[in-house]
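Here are my notes for your reading. Keep the structure open and follow the points in order.

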Amino acid sequence: WDTNPLIHIPAGVYSVFKDPSVNWNWESEPEAGCGGRRIELPRGKVVGGSSSINAMVYMRGHPLDYDGWADADASLEPWRFERVLPYFKACERSDRGASAYRGGSGRLEVTRGATENVLYDAFLAAGEQAGQGTSDDLNGFKPEGVARLDRTVSRDGRRASAATAHLEPALSRENLQLLRNAAVDKVEIDGRRATGVRLNGGELISARREVLLCAGAIKSPQLLMLSGIGGKDQLESIGVDVVADLQGVGQNLMDHACVNVAAGCTTNDAIDGLARPLQKAAVGARWLVDGKGWAASNAWEAGGLVFGSDAYAYPNLQYHFCPVHADYRAGGGLTLRPGFQIQVDQLRPFSRGRVAITSRDPAADPSVRF
């Protein structure tokens with residue numbers, strides 16, 4: 001369960017982000033295109049999944065990405081932006097209020113970053129001066145330029161996750177039961193029909209109608225392959241009985257390449273002081289009193305959707321800006337330095353990777369290449 005209190009304090013999650021009790025802490029195989037480095041692959045190991053440990057930036061994506069999918073494949077017409085927008089609005093409770101683009105009464109609380117800091121102001125001014133422009137709402141009418149970002153943080157300063165927004169309100173239903181600390185080893189299959197799931201303790205949970213596999217982009221294909229659904233040659237090479245020879249399982253993995261750039265700050269405006277015990281205690285005390293202050297901030301409160309070159313019809317890069325230089329030490333501890341940093345994400349990557357299994361052991365880490 002998401003009982004670690006630092007999960008729910010937006011700024012606190014970074015202190016426990018690499019804790020193996022809440023993060024699977026997977027890594028890719030050595031990537032030839034990245035000098036042989038292994039790329040970190042964080043995934044939530046707690047109720048709410050990665051929405052319980054992520055940085056809480058709320059970004060729907062550019063409308064033209066959705067329209068591009070529909071234009072390229074007629075079967076994806078339901079993914080056209082005008083058709084998915086009502087679902088975004090129904091899900092969301094934005095502090096901006098209901099509008100043509102935003103929802104005002106959904107379960108997921110979304111608030112605009114509003115913590116005051118001169119480095120946020122300088123970032124926005126730099127974006128304007130550089131010709132990238134500014135936007136009042138990247139999830140609204142103008143999805144390009146630099147802006148104060150939306151966050152899945154409630155009005156009282158707590159993380160809004162899939163668990164708090166959707167699961168917890170539904171737990172009183174008679175037809176819902178949540179099993180904790182119950183990892184799934186495989187999907188049980190009878191002929192061509194999924195009939196249930198086998199848990200790591202050996203318990204079988206049978207389904208009367210259907211089995212929905214919702215374990216994410218990494219774990220879902222891993223479970224399918226452990227259950228005998230995947231490429232025949234690869235499954236037989238590790239002794240998994242083939243139920244369905246589906247070569248596409250685990251293939252075409254895509255993710256955003258992210259470059260993190262940090263610089264020192266010559267003023268006293270960075271928030272590295274939050275690492276000092278007295279200041280940390282004061283910030284935490286304020287959060288307990290009124291749910292405000294730096295503890296209620298996800299830190300990445302500014303960013304943007306921008307053009308990497310004139311060759312693109314709409315933004316191909318996404319920025320996230322933070323008014324501190326943060327580094328994780330070996331072992332998972334966090335070091336804060338006086339500075340600031342910006343993450344630059346490539347929004348439409350060209351590389352295609354894969355997820356594979358190298359063992360019949362469900363507890364073994366999946367093999368991932370980007």
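1. Does Arg38 count as buried, partly exposed or exposed? Keep in mind that this is a predicted model. The relative accessibility of Arg38 is 44%. Buried would need a value under 20%, and exposed a value over 50%. Arg38 therefore counts as partly exposed.

2. Now look at the surroundings of Arg38. The residue sits in the loop between β1 (26-27) and β2 (40-41). Leaving aside residues up to four places away in sequence, Arg38 touches Glu27, Ser28, Glu29 and Pro30. Take Glu27 from that list: Arg38 and Glu27 are eleven residues apart in sequence, and their C-alpha atoms lie 5.9 Å apart in space. Take Ser28 next. Its backbone oxygen is 3.2 Å from a polar atom of the Arg38 side chain.

3. Move to the four-stranded sheet. It is open, its strand order is β3-β7-β5-β4, and its pairing is mixed. Which strands stand at the edges? They are β3 (57-58) and β4 (92-94). Each has a single partner strand, so one side of each is left without a neighbour in the sheet. Helix α4 (residues 81-91) packs on this sheet and touches β3, β4 and β5. The direction of α4 makes about 65 degrees with that of β4.

4. Strand β5 (residues 108-112) and strand β7 (residues 150-151) run antiparallel, joined by two bridges. Find Thr111, then look across to β7: Arg151 stands opposite.

5. Strand β5 has a helix to note as well. The buried residues of α6 pack against β5. Helix α6 covers residues 162-170, and Ala163, Ala165 and Ala170 are buried in it. Check the start of α6 too. There, a side-chain oxygen of Ser161 comes to within 3.2 Å of the backbone nitrogen of Ala163.

6. Next, the nonpolar cores. The largest has 33 residues. Which residues have the most contacts inside it? They are Ile53, Phe123, Trp294, Tyr319 and Phe321. At least two core residues come from each of α2 (13-16), α5 (118-129), α9 (277-290), β15 (302-306) and β16 (317-322). The largest share is four residues, and β16 supplies it.

7. What does Ile53 touch, not counting residues up to four places away in sequence? Its contacts are Val13, Phe17, Val22, Asn23, Arg43, Gly44, Val46 and Arg159. Another core, of 15 residues, lies apart from the largest one. Its members include Trp26, Leu226, Leu235 and Val240.

8. Last, the three-stranded sheet. This open sheet has the order β13-β20-β21, and its pairing is antiparallel. From one strand to the next, the twist averages 30 degrees.

9. Strand β13 is joined by two bridges to strand β20 (residues 353-356), and the two run antiparallel. Leu253 has Gly353 of β20 opposite it. Helix α7 (residues 216-226) packs on the sheet, touching β13, β20 and β21. Its direction makes about 50 degrees with that of β20.

How values were computed. Residues are numbered from 1 along each chain as its sequence is written. This is a predicted model: local features need pLDDT of at least 70, side-chain atom pairs count only at pLDDT 80 or more; totals for chains, interfaces and linings use all residues. Side-chain values use heavy atoms; hydrogens and water are left out. Two strands pair if DSSP finds at least two bridges between them. Contact means heavy atoms within 4.5 Å. Axes are lines fitted to C-alpha atoms, for helices over the stretch in contact, and angles run from 0 to 180 degrees between N-to-C directions. A nonpolar core is a set of buried Ala, Val, Leu, Ile, Met, Phe, Trp, Tyr and Cys residues joined through side-chain atoms within 4.5 Å. Buried means under 20% relative accessible area, exposed over 50%, partly exposed in between (1.4 Å probe, protein chains only). A polar contact is a pair of N or O atoms within 3.5 Å; within protein, one must be able to donate a hydrogen and the other to accept it, and residues adjacent in sequence count only if both atoms are side-chain atoms.
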